[in-house]
Amino acid sequence: MDTNLPPAPERLRLLPGSPRRVEVISGTRVQVEQGRIWLTLTDLADDVVLIAGQSFELPHGGRLVIESWPSRGIDPIAEVRLTRQCIAAATASNAKTVSA
């Protein structure tokens, strides 16, 4: 991990089909304030889907990939808060949307 990169924003606005990559440290909490998201983390056994009001504490650091994952009746734009310091800037990813 490149620790010379600036910190990631504490809030992310996510759009469908536009995954973001963020390098995070252990204990970072992902809290969904609006919408529905899909996330995966380096070496995490399962992907995670959260809706507004839910949160998930990352068990270890690594590369977090996170994306708005709308469904019927849920806002397609997701707002997410990262509640612990991240060590790399969030960047747009060329990754494809993962379908369940």
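Mentor: Start with area. Accessible areas come from the Shrake-Rupley method with a 1.4 Å probe, and for residues only the protein chains shown count as cover. By that method the accessible surface of this chain comes to about 5,600 Å². Carbon and sulfur atoms hold 48% of that surface.

Trainee: What kind of model is this, and which residues count for local features?

Mentor: This is a predicted model, where local features need pLDDT of at least 70 and side-chain atom pairs count only at pLDDT 80 or more, while totals for chains, interfaces and linings use all residues. Residues are numbered from 1 along each chain as its sequence is written, and side-chain values use heavy atoms, with hydrogens and water left out.

Trainee: How many helices and strands does the chain have?

Mentor: Zero helices and nine strands. Both are DSSP runs numbered from the N terminus: helices are H or I with at least four residues, strands are E with at least two. The pattern along the sequence is β-β-β-β-β-β-β-β-β.

Trainee: What makes strand 1 and strand 8 a pair?

Mentor: Two strands pair if DSSP finds at least two bridges between them. Strand 1 (residues 11-14) and strand 8 (residues 78-82) have four, in the antiparallel sense. The pair therefore meets the definition. Within it, L12 stands opposite V80.

Trainee: Which strands make up the open sheet, and in what order?

Mentor: Four strands, in the order 1-8-3-6, with antiparallel pairing. Strand 1 and strand 6 (55-57) are the edges: each has a single partner strand, so one side of each lacks a neighbour in the sheet. The twist averages 20° from one strand to the next. Here axes are lines fitted to C-alpha atoms, for helices over the stretch in contact, and angles run from 0 to 180 degrees between N-to-C directions. Strand 3 (residues 29-34) also pairs with strand 8, antiparallel over four bridges. There V30 stands opposite L82.

Trainee: Why is S68 called buried?

Mentor: Buried means under 20% relative accessible area, exposed over 50%, and partly exposed in between (1.4 Å probe, protein chains only). S68 has 1%, so the residue counts as buried. Across the chain of 100 residues, 36% count as buried.

Trainee: Why is the link between R11 and E33 called a salt bridge?

Mentor: The term needs a side-chain nitrogen of Lys or Arg within 4 Å of a carboxyl oxygen of Asp or Glu. In R11 and E33 the closest N and O atoms are 2.4 Å apart. R11 lies in strand 1 and E33 in strand 3, so the pair ties together parts 22 residues apart in sequence. R11, at 44%, is partly exposed, and E33 is too, at 32%. R11, E33 and R81 are linked in a network of salt bridges.

Trainee: How many salt bridges does the structure hold?

Mentor: Five. One of them joins E23 and R63, at 2.9 Å from N to O. E23 lies in strand 2 (residues 20-24) and R63 in strand 7, so the pair ties together parts 40 residues apart in sequence. E23 is buried at 14%, whereas R63 is partly exposed at 38%.

Trainee: What is the N to O distance between E57 and R29?

Mentor: The closest atoms are 3.0 Å apart. E57 lies in strand 6 and R29 in strand 3, so parts 28 residues apart in sequence are tied together.

Trainee: Why is D43 called exposed?

Mentor: Its relative accessible area is 74%, which is over 50%, so D43 is exposed. D43 is in the loop between strand 4 (36-41) and strand 5 (48-51). Its phi is near 65°, a positive value in a residue other than glycine. Most residues other than glycine have a negative phi.
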